[in-house]
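I opened my notebook to look up which side chains pair up in this structure and where they sit. Here is what I wrote down, entry by entry.

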Amino acid sequence: MAKFRNALVVGMLLTGMALLTVGPAGAQSSDKPQATEVGVSASEIHIGVVADVDNPFAPGLFKGAADGVKAGAAYLNSKAGGGGLAGRKVVVDFYDSKLNPNEARNATIQGCQNDYALVGTSALFLSQVDDIVNCTDKAGQATGIPDMSAITTGVPESCSAMSFPAVGTAIDCATVTQNPQTFFGNQGPAKWELSKNKGGLHGTFLASSDTKDANRGGTILALTGQQAGIKADQGTTVVLGGRDPQSAYTPVVQKMKQDNSNYSMNALAANSALLIRNEAQLQGLDTSKILWECVSCYGNKIVPDNADAFEGEVQFLGFLPFEEASVNKTVSNFVKYMKQVGGSPDQFSAYAYAATLAFADAVNGVVQANGVNGLTRPNLITAIKGLTDFDAGGMIGKRSFKDGKTTPCFMMVQFKSGKWVRQYPSKKGTFDCKTSNSVSIKANLLGS
């Protein structure tokens, strides 16, 4: 089941702040907090996190996302003697969507009724967003409830008017009914890898068959790499399932051997990366001469547990590695409060934590503009759209919630001698954020 867990979402993992400029709140800052909106009382601000956790297919799938929001709330409540936000304690309401579309919809309905905003949403089958978009506020208006997700996979959620994902979306929503559609990619990693391999890179791009959304995400990554100059030896993608055995990789590795491939990009689960590397070893490939790239390996326990097999594996990240807690305060707090809530840092928790900090920045923007009793959903939505330079204190690559695009920022890590180490840029705590990293991809990935 571990194979299935990450394979569904890999394409979405990589499709990764100034406060709203407002006038001074003046005397409003000394007002006594009151109940102003759904989920906002005089003493508490409730946020809801919808995540797939308890299910028979991939137990604990997005527990990290739920823990990331809880860790973010714990951090916020620790500030100023437990003051939380706007003089209120931040309370997290967890709704388990259980990898089930009905549970996902019911969770958003409950969130609409109980919470100020949805934060850290990570529900693969959230295909019905009407309850989010048409959610009524305390005044009875269908304002909608902001959805500040950690993982956004489907088109309905990605293109919802209430969608404000922490990492942005890879879809140009204005083109979803066109053929081809436009998608956003980050060619920075591929360009950097090519610069280090002067003879060029060519090989295989693996994508998931588990869901259409996962397949689309992997295909976008493959097309981005190929547009950057990495050549595909086995077609645009080789499609495999998250539950396929090692024997499914036999013909893939055989073809790599025939083509003398020197590159492999894996957009499935970390377990899939282990299977192809074990198969390559079995068939006698010199794995040290192949650049093995995985999009779901960092933070996964399977890697250090199979250290020899994963030696040399690389991954690009849109957030700082957890090993750099000593050079970035946000990462340090993330690791600290994840431990406090009983969680283990992973990619999902990192983005959920960042989403919680973005929510906090938006709330602070509302308070600055309208005082502690200006916390309404309309004001919150306006403030979120004003987050045009958000980077969670340098923890994630800088991006704008106004345009919704993914960040041009990235950094590279490599697994060497049993641990992940920074490859590029060399300076800790930094990203490569060149605007030329961002590219548009034209493809028909939404058609029948």
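**Entry: a buried salt bridge**

I began with Glu324, which is buried, its relative accessible area being 3%. This is a predicted model, so I read each value as computed from it. Glu324 forms a salt bridge with Arg422, and the closest N and O atoms are 2.6 Å apart. The two residues come from distant parts of the chain, 98 residues apart: Glu324 is in the loop between β11 (314-317) and α13 (329-340), while Arg422 is in strand β13 (residues 419-424).

**Entry: salt bridges inside helices**

I noted 10 salt bridges in the structure. Side chains of opposite charge can pair when their charged atoms come close.

Next I picked Asp67, which forms a salt bridge with Lys63, with the closest N and O atoms 2.6 Å apart. Both belong to helix α3 (residues 63-78), and because they are 4 residues apart there, about one helical turn separates them. Buried or exposed, what is Asp67? I found 6% relative accessibility for Asp67, which counts as buried. Lys63 counts as partly exposed at 38%.

I looked up another pair, Asp259 and Lys255, and found a salt bridge with its closest N and O atoms 2.7 Å apart. These two are 4 residues apart in helix α9 (residues 250-259), so about one helical turn lies between them. Asp259 is partly exposed, with a relative accessible area of 25%. Lys255 is partly exposed too, at 30%.

**Entry: the buried face of α9**

I stayed with α9 and asked which residues are buried there. They are Val252, Val253 and Met256. Looking down the helix axis, I saw that the buried residues of α9 fall within an arc of 95°, so they line one face of the helix. What do these buried residues pack against? I listed β6 (202-208), β8 (238-240), β9 (263-266), α10 (270-282) and β10 (291-294). After α9 comes Asn260, and its phi is positive, near 55°.

**Entry: rings**

I counted 15 aromatic pairs in the structure. In one of them, Phe319 and Tyr351, the ring centres are 5.4 Å apart and the planes stand at 90°, so the pair is edge-to-face. This pair links distant parts of the chain, 32 residues apart, with Phe319 in the loop between β11 and α13 and Tyr351 in helix α14 (residues 347-370). Phe319 is buried at 0% relative accessibility, and Tyr351 is buried with a relative accessible area of 2%.

For Phe410 and Tyr424 I wrote down ring centres 5.9 Å apart and planes at 35°, so this pair is tilted. Phe410 lies in the loop between α15 (377-385) and β12 (411-416) and Tyr424 in strand β13, so the pair ties together parts 14 residues apart in sequence. Phe410 is buried at 0% relative accessibility, whereas Tyr424 is partly exposed at 22%.

I also found a cluster linked by ring pairs, and its members include Phe319, Tyr351 and Trp420.

**Entry: charges over rings**

I checked Lys70 and found its charged end over the ring of Phe94, 5.5 Å from the centre. Arg399 lies over the face of Phe401, at 4.6 Å from the ring centre.

**Entry: disulfides**

How many disulfides are there? I counted 4 disulfides. One of them joins Cys159 to Cys173, with an S to S distance of 2.1 Å. The torsion about this S-S bond is about -85°, so the disulfide of Cys159 and Cys173 is left-handed.

Another joins Cys294 to Cys297, S to S 2.2 Å. I noted 90° about its S-S bond, and the link of Cys294 and Cys297 is right-handed. Both of these cysteines, Cys294 and Cys297, are buried.

I ended with Cys409 and Cys433, whose sulfur atoms are 2.0 Å apart in a disulfide. The torsion about the S-S bond of Cys409 and Cys433 is about 115°, so this disulfide is right-handed. Cys409 is buried at 4% relative accessibility, but Cys433 is partly exposed at 37%.

Key: Residues numbered from 1 in each chain as written. Predicted model: local features only at pLDDT ≥ 70, side-chain atom pairs only at ≥ 80, totals over all residues. Heavy atoms only, no water. Salt bridge = Lys/Arg side-chain N within 4 Å of Asp/Glu carboxyl O. Buried < 20%, exposed > 50% of the residue type's maximum accessible area, 1.4 Å probe, protein only. Arc of directions from axis to C-beta. Contact = heavy atoms within 4.5 Å. Phe/Tyr/Trp six-rings, centres within 6.5 Å; stacked < 30°, edge-to-face > 60°. Lys NZ or Arg CZ within 6 Å of the ring centre and 35° of its normal. Disulfide = S-S within 2.5 Å.
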